[in-house]
Structures are given as C-alpha cells and as structure tokens.
Amino acid sequence: MCRVYSPEGPTYTLRVSGHLKNHMNLLDKRILIISGKGGVGKSTICAALARMSARAGKRVLIVEAATRSDSKARITEIFNTPDVGFEPREVFPNIHAANLDADSCMKDCVLQKVRLEMIYNAAFRFPFVRNTLHFFPGVKEFMIMYRIMCLEQARSSSGRPRYDQIIFDGPTTGHSLFYLEISQLFVDILKAGFFARDAKKVIDSIIDPDKTCFNVVTLAEEMPVNETLDLLRNAKAALDIPLGYIFINAIQPSLFGEIEGVESEREGLEKLKADEAGSEKLAAALGDAGAVESLLETAAFQSERSDINRRQIARLLEHPMRFMRIPFIYSKNFDLNTIDGIADTITKGMAQE
C-alpha cells in the first residue's frame, strides 16, 4: 500500500467549536516540530512539507534524531540518497538533511564553550565520562534540541539565515513531550550556569509563536487517535508551545458516500449485495461468478475502513486545533511524485483557510 495524493474531493478541514481558527501559513515558520505514533507516515509528511517550502524558494533542513549510533535517517530513503550524519547535507535541491546523535551534539556544544578540541578530547576520551553524562535523564534529548536551536540561529557570511526553515522529524508521541520539556527541567534544576542559560534559549525558541509550531501526524484509527489526543492534552497542560496542524494521514476514500439515497457505507454495501441482476451482469462480464464474491469482500473491507476513519476523524474534530486531511489511494510506486502530491494537498489546504 502507498499513500498518494488525491486531486478529487475535499482534503482540508479546519474547525474549532464550529468556527474557523485564525490563518496559519506553515511557510512563515522557522521551526516545524512534527510528532506522531510510529508508522503513521510522519517522515512522509516531513518530506512533503520540505518539498512545499523548497518550491516556495526556501532553503530547508530536515532533522532527525538518531536513536542508535547505527540508525539511518528515514528521509534519505524517501529521497533515495546516501545516508546523512551530524553535518547537514543536501539530499534534494534546496533540501538538506541531518541525523543527529547525542555524542556529536554534546561535542559540538562543549566545543562552543571551550573552543579547543584537545581539551574536549582530554576530558571525553574516557568512556565512563560520556556514559556518566548519558546516565542522567534528558541529556541526550537536550543536546539534540540545543543543536536544532543552533542550526536555526546559524547565519552565512552575508548575515542571511543558513536555513530558512528547519523541520524536526521528531520522536514518537510517547517521547516527544520529553524532548520539549527537558529544557525547562534543566532551568528549574540548574538555576544558573551555561547549561541553564542555553536551556532558557531553547525554551524561548520553542515557545515563540512567530517562529515555531508543534504538529502531529496520525492515522484515523483508534490507537493513533488515542495517542494523539493524549499528547495534545499533555502538551497543553505542560507547555506553552504554539500548535500547528494535526495531519490526518491516509484517509480511506468512501465507496458509497456520494451515491444518492445512500446514507452510510453499510447501507451502500447492502444494496450492492442485494442487486442480483447487477451481480449476474457483472459475473457475465468477468466470466467468473467467484470474482463477484471477491469484489464484494473487497468492498466490504474498504467500507469498514472508511467507516472507522469517519468515526475517528469525528473524535479529532472535537479538539481545538487545525486539521489537514491527507487522502489514501493505492499506487504501485512510492516516489517523489507521491511526495509532491501530498505537498500540493497541504498547500491547497492552507490556501483554503
């Protein structure tokens, strides 16, 4: 199965208590934080957002957090390029990518303070020193968030931002809040010192509504929706981070929703099964009565998935946040045309606000 763009039908909904929210253009943001349950298409949405921004003339950086020293960046698979590491590298015109590991981020942070690599090497060449630092909860996450802030603040010799937009392909829903909260925890515990000052800078960057917004990708299925709603409730209670969009990905198309006199997928399917004359004609056309049964089974599965999507979308629409619907169509290939189609959907959605 492959998620691709559908040019047909409505693809965008924005609703808060029955009223439209204020317009938000993702192209105006410097940092887009993207979270979501594993397997919902988070990296795909990040790639589509990068293509949208690059086509608008922006220089984009996609950042991933390496969970292991040997983990590969998902974005390089999407753009079919060699893997990337700590230093950003161009993977497509105007699109760069980096895969940040905590050790490299730690080294970069320390070298900004002491300036001499020989001092860093003298202190950190011992494994127990590195392991002791990583033992403390949140050090890895803070180092990655600090590196993202540094990349956002980086400037060229002409004074222009090195990157116009940074898209953080963040951790899954269960871990994303920890990435965002850890800087505040460092400020509360340390009170003073360069770590506390740097943590305060990270906080200021995260909560700046003119610069940053937090977005969630989900499927219109029960478990991803449950995790999404829990994440947003916790984010609202713990953080003052500006919210962007919920991207509802891979929505199944309705088979019967637009047929006159049919009010539900189930009703449409029952009418289809009851049409004996139509079934006989279809069997004659296919040359196989068994093929009709297979088609009806496929239609039943499709209708069930569409009904599930409809119920879960209704739950999401109760949350006061912008929504973007990304439809699901079967396709043989998942390539840059797919990514561009999703980018078109997002661009169209923002234009319809």
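Modeller: Let's start with H7 and H9. This is a predicted model, and in it helix H7 covers residues 173-190 while helix H9 covers residues 222-238. The two pack at an angle of about 15°, with their axes 9 Å apart. Angles under 35 degrees count as roughly parallel, so H7 and H9 are roughly parallel to each other. Their crossing is right-handed. Who does the touching? On the H7 side you'll find Thr173, Ser176, Leu177 and Glu181, and on the H9 side Glu227, Leu231, Asn234, Ala235 and Ala238. Sort those by class and the contact of H7 with H9 has four nonpolar, three polar and two charged residues.

Now keep your eye on H7 and look at another of its partners, H6. Here the axes come within 9 Å and cross at roughly 85°. The range for roughly perpendicular is 65 to 115 degrees, so that's the word for H6 and H7. From H6 come Val139, Glu141, Phe142, Ile144 and Met145, and they meet His175, Phe178, Tyr179, Leu180, Ile182, Ser183 and Phe186 of H7. This contact has nine nonpolar, two polar and one charged residues.

H6 has a further partner in H8. Helix H6 spans residues 139-153 and helix H8 spans residues 194-206, and they pack at an angle of about 65° with axes 10 Å apart. The crossing of H6 and H8 is left-handed. H6 brings Phe142, Met143, Met145, Tyr146, Met149 and Glu152 to this contact, and H8 brings Phe195, Asp198, Ala199, Lys201, Val202, Ser205 and Ile206. Split by class, that's nine nonpolar, one polar and three charged residues.

As for burial, 13 of the 15 residues of H6 are buried, so the helix is largely enclosed by the rest of the structure.

Lys191 sits in the loop between H7 and H8. Its phi is near 70°, which is a positive value in a residue other than glycine. Is Lys191 buried or exposed? The cut-off for exposed is over 50%, and Lys191 has 65% relative accessibility, so it counts as exposed. There's another residue of this kind elsewhere: Asn80, with phi near 55°, again positive and again not a glycine. Asn80 is in the loop between helix H2 (74-79) and strand S4 (89-92). At 69% relative accessibility, Asn80 counts as exposed.

Strand S4 is also where you'll find Arg89. Its relative accessible area is 30%, so Arg89 is partly exposed. Skipping its neighbours within four places in sequence, Arg89 is in contact with Thr81, Pro82, Asp83, Val84, Ile95, His96 and Ala97.

The limit for buried is under 20%, and Ile248 has a relative accessible area of 0%, so it is buried. Leaving out neighbours within four places, Ile248 is in contact with Thr218, Ala220, Ile313, Leu316, Phe323, Met324, Arg325 and Ile326. Take Thr218 from that list: it is 30 residues from Ile248 in sequence, yet the two are 5.2 Å apart in space, C-alpha to C-alpha.

The protein chain has 13 helices and nine strands, and buried residues make up 48% of its 353 residues.

One more helix is worth a visit, and that's H1 (residues 42-55). It has 14 residues and reaches 20 Å from first C-alpha to last, close to the 20 Å expected at 1.5 Å a residue. Of the 14 residues of H1, 13 are buried, so H1 is largely enclosed by the rest of the structure. H1 is followed by Gly57, whose phi is positive, near 90°.

Conventions:
Residues numbered from 1 in each chain as written. Predicted model: local features only at pLDDT ≥ 70, side-chain atom pairs only at ≥ 80, totals over all residues. Heavy atoms only, no water. Axes fitted to C-alpha atoms, helices over the stretch in contact; angles between N-to-C directions. Helix = DSSP H or I, 4+ residues; strand = E, 2+ residues; numbered from the N terminus. Left-handed = near helix turned anticlockwise from the far one by under 90°. Contact = heavy atoms within 4.5 Å. Nonpolar A, V, L, I, M, F, W, Y, C, P; charged D, E, K, R; others polar. Parallel < 35°, antiparallel > 145°, perpendicular 65-115°, else oblique. Buried < 20%, exposed > 50% of the residue type's maximum accessible area, 1.4 Å probe, protein only. Expected span 1.5 Å × (residues − 1).
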